[in-house]
Amino acid sequence: MTTRDDGATATERSRRVLIAGASGYLGGYVLREFKRRGWWVRALVRDARRLGALAELVDEIHRGDVTRPAELAGACEQIEVVFSSVGLMQRQAGRTFEQVDRLGNQNLLREATTAGVRKFLYVSSLNGVSHRHLEIVRAHEAFAADLAASGMDYTVLRPTGYFSDLGEILRMARRGRVFLFGAGDHRINPIHGADLAVTCVDAATSDARDIDVGGPEVLTYRAIAEAAFAALARPPKITSVPPWLARAGAKNLQRISRHYGDVLSFLTETTLVDTIGPRSGTQRIADYFTRLVRAGAQVERAQDRAA
């Protein structure tokens, strides 16, 4: 465990948080927000190098993999609140959503319980209950149920969708055409990581058990695609993919890669319904796309977090 003494006062150190997934998209913003409010922060990461500049903000780094219980020993000592956005989106050999999203978080919850942690904050997704037939969502919701049954104080945060995920629409627009599932007329109010982080940190002192949250604008997926082309100063070229074809494609992909097939199935089903949460934050998707275009960014995880 790596420790850094930044001269924090005794009052500031009385509020201590462990951030699991601190090197990820949302975790980085949550880390910044906790520090902005004076919390003492321990980051739980598999590879400390992935923290980059964020390493300068944390008070301690605990290197550990949530799927390996022995590596979590001591991670929650003297911690008041645990925040976890740990989840498997990128394919990792030999790992499944069940192993990481549910069982890995179970390991962390056991460690938190043993250490006497006061509260556990966990990030799932809006409409999770109605999407439990999807592998990704099932693992998230199974852990949310485990958390509710644990006896620990907790909050499950349910965002609509991240700006970073919609960066894929901008990447398609760069290649010349955006493909949407269905007519693209379903609506979402996506939220930027920095805006979502405010809600996440507020939850540390909230009595709410479940918090639905979205961004300030409700838009159709077609409008989001048009915003991507506008940021590129190009006329929109949008193709609608029939839902039956998208679902068939996801099933075929599962035969080649179960992981990416499950991801495509998740994206298909969640974009074919409205996903609207209580409005929060200030950042707009059009401005986000414009920033990425000006920066020449392809992936927000690498570029936007430093902006």
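Axes here are lines fitted to C-alpha atoms, for helices over the stretch in contact, and angles run from 0 to 180 degrees between N-to-C directions. Helices (H or I, at least four residues) and strands (E, at least two) are DSSP runs, numbered from the N terminus.

The model is predicted: local features need pLDDT of at least 70, side-chain atom pairs count only at pLDDT 80 or more, and totals for chains, interfaces and linings use all residues. Residues are numbered from 1 along each chain as its sequence is written, and side-chain values use heavy atoms, with hydrogens and water left out.

I will start with the chain as a whole. The protein chain has 11 helices and 12 strands. Of its 307 residues, 51% are buried, where buried means under 20% relative accessible area, exposed over 50%, and partly exposed in between (1.4 Å probe, protein chains only). Contact, in what follows, means heavy atoms within 4.5 Å. Taking contacts in the protein chain between residues at least 6 apart in sequence, 76% join residues at least 24 apart.

Now to the helices. Two packed helices are described by the angle between their axes and the distance between the axes.

The axes of α5 and α10 come within 11 Å and cross at roughly 60 degrees. α5 and α10 are therefore oblique to each other; angles under 35 degrees count as roughly parallel, over 145 as roughly antiparallel, 65 to 115 as roughly perpendicular and the rest as oblique. The crossing of α5 past α10 is right-handed, a crossing being left-handed if the near helix is turned anticlockwise from the far one by less than a right angle, and right-handed if clockwise. Which residues of α5 and α10 make the contact? On α5 they are Phe163, Ser164, Leu166, Gly167, Leu170 and Arg174, and on α10 they are Ile285, Tyr288, Phe289, Leu292 and Val293. By class, this contact of α5 with α10 has 8 nonpolar, 2 polar and 1 charged residues. For the classes, Ala, Val, Leu, Ile, Met, Phe, Trp, Tyr, Cys and Pro count as nonpolar, Asp, Glu, Lys and Arg as charged, and the others, Gly among them, as polar.

Next, α5 with α7. Helix α5 covers residues 163–175, and its axis comes within 9 Å of that of α7, with a crossing at roughly 50 degrees. α5 and α7 are therefore oblique to each other, and their crossing is right-handed. α5 contributes Leu166, Ile169, Leu170 and Ala173 to the contact, while α7 contributes Tyr221, Ile224, Ala225, Ala228 and Phe229. The contact of α5 with α7 has 9 nonpolar residues, no polar ones and no charged ones.

That leaves α7 with α10. Helix α10 spans residues 285–295, and α7 packs with α10 at an angle of about 35 degrees, the axes being 9 Å apart. α7 passes α10 in a right-handed crossing. Ile224, Ala227, Ala228 and Ala231 of α7 meet Ile285, Ala286, Phe289, Thr290 and Val293 of α10. The classes in the contact of α7 with α10 are 8 nonpolar, 1 polar and no charged residues.

On to the loops. Gln78 sits in the loop between β4 (60–63) and β5 (81–84). Gln78 is not a glycine, yet has a positive phi of about 60 degrees. Is Gln78 buried or exposed? Gln78 is exposed, at a relative accessible area of 63%. Asp65 also lies in the loop between β4 and β5, but Asp65 is buried at 4% relative accessibility. Asp65 and Leu44 are 21 residues apart in sequence, with their C-alpha atoms 8.3 Å apart.

Ala233 lies in the loop between α7 (221–231) and β12 (238–241). Ala233, not a glycine, has a positive phi of about 60 degrees, and is exposed with a relative accessible area of 70%.

Gly87 is in the loop between β5 and α3 (97–115) and is partly exposed, with a relative accessible area of 39%. Leaving aside neighbours within four places in sequence, Gly87 is in contact with Val100 and Asp101. The C-alpha atoms of Gly87 and Ser124, which are 37 residues apart along the chain, are separated by 9.3 Å.

Last, the cysteines. How many disulfides does a search of the whole structure find? The search finds 0 disulfides, a disulfide being a pair of cysteine sulfur atoms within 2.5 Å. Cys76 is buried, at 0% relative accessibility. Cys200 is buried, with a relative accessible area of 0%.
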